[in-house]
Structure formats: structure tokens, C-alpha cells
Amino acid sequence: MPDNSAESADGEKDLAGHLTGIARALQRQRGEQETMDAIVHAAVGTIPGAVHAGIMTVVGRKEISTVAATGQLACDVDQAQFDTGEGPCLTALFDQLIVSVPDVVNDERWRAFGRRVAELDVGSMLSFQLYVQDEDLGALNLYSHETAAFDEESQHVGSLFAGHAAIALASVQEREQLAAAVHTRDLIGQAKGILMERHRLSADQAFAVLTRASQHTNVKLRDIAEQLTMTGKLPEPGR
């Protein structure tokens, strides 16, 4: 009899190596959008049954959008979910880590959504929750033209892939947040320098001027500093 356990071990080893390569490729992306675009294209080439892929996000549990997709089908299906307020991607975002839909049109869980996508060339879907950060959420969604296109292997591989993708996204988001923080610090430093030279203020006094301007105009301190460095002027209250 063939040694199925050995074949299984070899398959897992190959998958692990493939996913490691994907993780490294994702980490080489320069920004968050580039990373998300790379994720959806890598998903189609990695997860069995996937013909299209997309990433859906929710900001503040209110603003829902498709931020990356391999084709128009993903966008059209997501739009149907936006319009009906239901569907597997939204369920994956808010309620479950994995949502499998063998027959999209006839699934009883989302009847309104099923009616909306009846004219679209989508047979089955598979969705994975990517992250939950306070009120912000993200999901990786896979689409196939055929019904029952995703099996247990798809879920297994997809879960591993989603884990790598989530780490890559978190890493690039952290890098961008750090870069933004450094840029903000530099802007505020430049703005303080302008005020210190112009009005012979100390660093603390200059920072207090910026803070008061932010409070009186209801504008973020960073934006106050940016305006001052670009125009040489502070915004006036009520404008």
C-alpha cells in the first residue's frame, strides 16, 4: 500500500515552502495598497478553486469598500452585498473567521443577496476574516464560476494563506503609521521653528501657539503645522 502519510507530509512541506515565499514577496511590497493587490493575486494562484479574489474592508463598522480585486466579478458581487446589507463577505467581516458558500444564488442565509447576484457569473464563494482592529475589519474573499468549487483543502490552504496575508498587512500598516508619525513630528518641528524665529518664542511657547490654533479652529495639529510650513500663516478661527 502507498504511504499516504508520507505524501501528506510532502504536500504540507511544499505548501509551507510556497506560503513562505508568498510571505516574503508580500513583505517586499512598498505600501498597503500594493500589499493588498499582491495578496489577491497570490490568493488566486494558491488557494484551490479560486478564480477571482478581493479584499473588503469596513472602517468604523460603517464605511464598507472593496479595496483590492483581481477582476470585475469581485467588485460586482461586493456591490450586491453593499446594496442588500448581507452576504458571505459581511458575515466573515463581522461574525465568522471562515464562511463557505457552495451555491451562492441558492443559499438560504442571504436570500436578497442571492437574488441580486443571480445574473452574475458566480457559483461559489469562500471568505476569510483577515483582521479586526477596534472598529476596523478586513476580509479576503474568493470567487469561482462553478458551484461547490471550494473544498476542505481550499479552507485549509486559505486559512494558512489568510494568516500570512494578515501578518503582511499588519506589518505594512505599522510601517506606514510609523512613517506618518515621523513626518508629523517633522512638520510640527518645522512649524515651531518658524514661530520661534518669527516671534522670538521658546520651543514650548511655539508649541502652545500651535495647540491653541488647533483648538480654536478645530483642525488637527498636524494640519495646522503643515499649513504654516506651506503658507507661512496660521488658519484663522471660523475658517
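How many residues lie between β1 and β2 in their hairpin? The answer is 3 residues, and Gly60 in the turn has a positive phi of about 65°. This is a predicted model, where local features need pLDDT of at least 70, side-chain atom pairs count only at pLDDT 80 or more, and totals for chains, interfaces and linings use all residues. Residues are numbered from 1 along each chain as its sequence is written, and side-chain values use heavy atoms, leaving out hydrogens and water.

**The hairpin**
- Strands (E, at least two residues) and helices (H or I, at least four) are DSSP runs, numbered from the N terminus.
- Strand β1 covers residues 52–59, and strand β2 covers residues 63–69.
- They pair (DSSP must find at least two bridges) in the antiparallel sense over 6 bridges.
- Met56 stands opposite Thr66 in β2.

**His52**
- His52 sits in strand β1.
- His52 counts as buried (under 20% relative accessible area, with a 1.4 Å probe and protein chains only) because its relative accessibility is 18%.
- Leaving aside neighbours within four places in sequence, His52 is in contact (heavy atoms within 4.5 Å) with residues including Val44, Leu73, Tyr143 and His145.

**Helices α6 and α7**
- The axes (lines fitted to C-alpha atoms over the stretch in contact) of α6 (residues 152–199) and α7 (residues 203–217) come within 9 Å.
- These axes cross at roughly 110°.
- That makes α6 roughly perpendicular to α7 (65 to 115 degrees, on a scale from 0 to 180 between N-to-C directions).
- Among the residues that meet are Ile188 and Leu195 in α6, and Phe207 and Leu210 in α7.

Note on methods. Buried means under 20% relative accessible area, exposed over 50%, partly exposed in between (1.4 Å probe, protein chains only). Angles under 35 degrees count as roughly parallel, over 145 as roughly antiparallel, 65 to 115 as roughly perpendicular and the rest as oblique.
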